[in-house]
Amino acid sequence: RVHGDKLWKRKKSVEKSVLNFENCYKITQPFFSQALQFLPNLKVLQFNFENCHYLREPEEQKVEQKEEQKIEQKVEQPPKKLKLSDALESLHLNFSGCDLLQEPFEMVTSSEGKHLEYLRTISLNYGKCDKLTKPVIFNDSFRLTKNLHLNFDKCSSIENWKDFFQSLNNFSGLVSLRLSLAGCTEIKDEQLKELSFDTSVLKDLSLNFEGCTSLLNFSSIVLLSNIPQLQTLDLNFEGCENMKNVQHLLGLFDSESIQSINLNLASCRNIRNFNNFDYAFRYKPSKLRKLRLIFDDMDKIEDLTPFCSWLSHFTEVEKVELSFSGCTKISSIVEVGQTLKSLMNCNTLNLAFNGCTELQDYNHFIVEIFEKTQLVSLALSFAGCQMNNKHYSLFPSGKTLPLALKSLRLFYERCGDVLDLKPLENLFEGDQVPQLEEIHLNFQGIETEVDSNFLLPQLKNSKFNLRVLVLYLNECKFKWDRQSLRDALNRQTKLREVTLVMKTPGMTQKEVEKIFKTVARTNSLLNWRIRIGPRQ
């Protein structure tokens with residue numbers, strides 16, 4: 001550190017400092033706080049001390065006595081405060097995993113009382129500092145900052161968040177706020193109500209309260225009530241099992257300018273229904289383009305009709321991702337399919353109902369989805385839904401894939417005794433087939449008989465533009481011959497990535513690998529992964 005101080009003193013003209021000491025666990029003292037006082041022209045500051053487990057804040061200056069002279073002598077310690085250059089434009093500090101830190105480093109300006117007028121971005125990461133007893137407190141010097149990104153994940157020793165939330169009032173023109181407090185179990189509703197500041201120009205808002213089990217009511221997030229220019233909203237309440245009255249939350253983000261919503265309520269088991277979902281929007285969110293909603297393991301939800309009424313407001317949305325995995329009481333999803341079909345601008349769907357074992361109208365739902373002609377990308381996941389011959393047909397007979405489709409991903413592993421997979425092959429047949437670029441099929445755990453050359457004739461279809469092919473067919477019973485496989489792969493001249501996991505009598509692992517090596521020499525196949533035999 002002594003030699004370092006001499007070095008910094010000779011570098012007064014430095015404008016950018018990037019130091020990465022990740023996993024340097026022997027560092028114990030914040031020598032960087034001493035160095036900053038020698039860099040008055042610094043514009044960009046990036047320090048990474050992630051997982052420096054023994055790093056701690058400077059202790060109070062100790063006093064030692066020399067036995068001979070009995071003279072009190074102060075032992076030099078690095079300053080406790082980080083003195084920031086008045087010219088600073090960007091500040092990034094990462095102390096994630098510094099287990100011994102009990103207090104955050106206080107940040108002050110070189111000129112006392114002066115605003116950091118050039119500072120635009122602050123990024124502070126104190127995640128997994130589980131001994132931290134208080135968060136950062138911002139003063140008026142930072143009021144002109146535009147982008148504020150803060151991470152205090154798993155700082156479970158912090159009990160008082162009120163002063164921190166109140167200090168955010170010092171920011172007068174934030175454009176982006178990303179605040180992650182996952183696992184901070186001591187945050188209370190009355191403290192969260194203090195999270196309020198000037199949101200007149202805020203466009204990007206991300207709040208992560210995953211696992212904050214002391215929170216009880218969504219209405220405590222008063223910040224959301226008035227953000228006129230909001231464009232991107234990301235809210236994560238996964239595992240907030242005591243939260244209720246979801247309509248209070250939905251009624252708050254009522255911005256006509258919003259373009260993207262990402263809402264995660266997974267494992268919020270105290271939410272019993274969607275009866276008040278339609279309360280959320282007084283105005284149609286006509287600019288919304290991306291919608292991602294995660295409701296996994298909300299096992300008290302039964303009726304999706306109110307949710308579908310709410311979903312129908314998003315008339316201009318282009319990309320929709322919905323997940324109801326683990327919602328075991330849901331029995332009807334046909335209305336979800338009808339609502340999605342009515343969203344005429346929606347071209348990307350990612351839908352998950354994994355573990356929804358009580359579904360009764362899957363056949364009608366899948367018809368609605370395949371009739372959505374605008375689709376460019378489709379992902380369906382029904383893993384563990386125990387489909388059987390009595391109630392389900394895997395795909396609608398007589399239907400073909402939307403011609404605009406580029407990506408098809410189907411996940412139906414562990415679905416029991418499904419009807420044979422012939423309908424899947426029929427989807428790729430006919431005079432008009434989509435120019436698919438990606439096929440990802442997962443049918444692990446489905447023991448069913450299929451044709452000997454299952455899917456190979458379809459892969460020979462030169463109308464495909466396949467770049468990615470992923471097949472998980474462990475228990476499916478079929479037999480590919482070497483020549484048919486080689487011919488099918490050779491026809492897909494744009495193929496770049498292949499994954500095959502299956503058991504196919506008649507070919508060994510080495511024989512299949514030899515075929516792929518031959519194909520790779522003639523085509524431009526870059527990556528392949530093969531496993532022939534039973535699932536391991």
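## Packing of helix α7

The buried residues of α7 pack against α6 (305-311), β15 (319-323), β16 (348-352) and α8. In α7 these are V334, V336, G337, T339 and L340, where buried means under 20% relative accessible area with a 1.4 Å probe and protein chains only. Helices (H or I, at least four residues) and strands (E, at least two) are DSSP runs numbered from the N terminus.

This is a predicted model, in which local features need pLDDT of at least 70 and side-chain atom pairs count only at pLDDT 80 or more, while totals for chains, interfaces and linings use all residues. Residues are numbered from 1 along each chain, and side-chain values use heavy atoms, without hydrogens and water.

## Helices α7 and α8

The axes of α7 (residues 334-342) and α8 (residues 362-370) come within 8 Å and cross at roughly 10°. The two helices are therefore roughly parallel to each other, a term for angles under 35 degrees. On the α7 side the contact is made by V334, G337, Q338, L340 and K341, and on the α8 side by H364, F365, E368 and I369; contact means heavy atoms within 4.5 Å.

## Residue F382

F382 lies in the loop between β17 (377-381) and β18 (407-411). This residue is buried, with a relative accessible area of 0%. F382 and G355 are 27 residues apart in sequence and 7.0 Å apart in space, C-alpha to C-alpha.

Technical notes:
Axes fitted to C-alpha atoms, helices over the stretch in contact; angles between N-to-C directions. Parallel < 35°, antiparallel > 145°, perpendicular 65-115°, else oblique. Buried < 20%, exposed > 50% of the residue type's maximum accessible area, 1.4 Å probe, protein only.
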